[in-house]
Amino acid sequence: SADELAERIRSAKAVLGERVVILGHFYQREEVLRHADFIGDSFQLAQATTSRPDAEAIVFCGVHFMAETADLLSGADQVVILPNLAAGCSMADMADLDSVTECWEQLEDLYGTEPDASGRVPVIPVTYMNSSAALKGFCGEHGGIVCTSSNAQTVLEWAFERGQRVLFFPDQHLGRNTAKAMGVPLAQMPMWNPRRPLGGNSDEQLTDARVILWHGFCSVHRRFTVDQITAARAEHPGVRVIVHPECPMEVVDAADENGSTDYIGKAISAAPAGSTFAIGTEINLVQRLAAAHPEHTIFCLDPVVCPCSTMYRIHAGYLAWVLDGLVGDDENPPEALNRIVVAADVADHARVALERMLAARP
Ligand code: 13P
Ligand code: SF4
């Protein structure tokens, strides 16, 4: 039963003490997050990874790319565990090393590799955190950087100081929304379709480009629509609409604000009692925020429940299983089940790209 699982998790944690730290993303189920030592957005979780160098094991309740990042940033003696290895991210899977490398070679043919008079290289690759370690490694190796939804503008500024243009992958929406907010015209943001030569663009489109967008998207956030916002405003005059920047541009433009999962929570906490919020992000977070803030009215913009199906694959049973594994018993020595280890050949470059992000400041 749920109570028995919660008890198993509590007693394993009690035995392990400081030897284990449990990190949880805001989208996780409540039955998992109640056991987390630290809850955050993907940037905060990357930072939290380095905050407990004494812990032998980091149990990451999130998705695969987040656990890979934890492995890259954690100490050499620490193990990172993803309670269910099937917890991936469909957006991260939309860009792979082969097709990004092919794109890069076509861009090198078009733009060359020489810096301009002010020392800016032709293209800086920027990968959203929601990507494989191999793509973070690609960025590290080619003068690029990682961003999350909470620092995308800072990172693009970093990139434009060093490059004439940016190749942004995998999320077209975060790239477009961020660049648009920085004043880049839409006409200078061609999209790259890896199945077509030059990504389906003309030479001229690419020559004028400032941000070349990969064609990826989040299947949860692309469900939000302008019609939903119109309906929420009609039904709740004065409603504050906040959406995640992975939503399509029209939705972000129609909303009052957009920001990372942490931004959304903080905006709600800071609002005067009696506020009404329509939120465009994953349902577990919206429901938890609604339960935590009975002084406000908070609802999800999408009337049909939209969990992130892969985040949802981690439930309390998996957490109990990996913690029991770390404890061991009479017949089984302690072991790190479902360990995530980034291949040595990409780890060094990937760490460079992550460290550039952690060092980039507004
Ligand atoms: P945050 O960085 O805002 O937590 O977003 C992570 C994510 O996967 C959103 O879909
Ligand atoms: Fe990936 Fe979207 Fe799920 Fe975030 S919400 S982990 S981007 S599928």
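A residue counts as near a molecule when its C-beta atom, placed from the backbone, lies within 6 Å of that molecule. By this rule, 13 residues surround ligand 2, and the closest are C89, M91, C218, V220 and C308. The shell divides into seven nonpolar, four polar and two charged residues (nonpolar: Ala, Val, Leu, Ile, Met, Phe, Trp, Tyr, Cys and Pro; charged: Asp, Glu, Lys and Arg; polar: the others, Gly among them).

The model is predicted, with local features needing pLDDT of at least 70 and side-chain atom pairs counting only at pLDDT 80 or more, while totals for chains, interfaces and linings use all residues. Residues are numbered from 1 along each chain as its sequence is written, and chains are lettered from A and ligands numbered from 1 in the order in which they are written.

Among the positions that an unreviewed UniProt entry lists under "binding site" are Y128 and N130; such annotations may be inferred rather than shown by experiment, and feature names are shortened, with positions in the numbering used here. Y128 lies in strand 5, residues 121-128, whereas N130 sits in the loop between strand 5 and helix 6 (133-141). Helices (H or I, at least four residues) and strands (E, at least two) are DSSP runs, numbered from the N terminus.

Y128 is buried, as 29 other C-beta atoms lie within 10 Å, and N130 is buried with 28 (buried: 20 or more; exposed: 12 or fewer; partly exposed: in between; C-beta atoms placed from the backbone). Beyond neighbours within four places in sequence, N130 is in contact with residues including C89 and M91 (contact: C-beta atoms, placed from the backbone, within 7 Å).

Definitions and conventions:
Contact = placed C-beta atoms within 7 Å.
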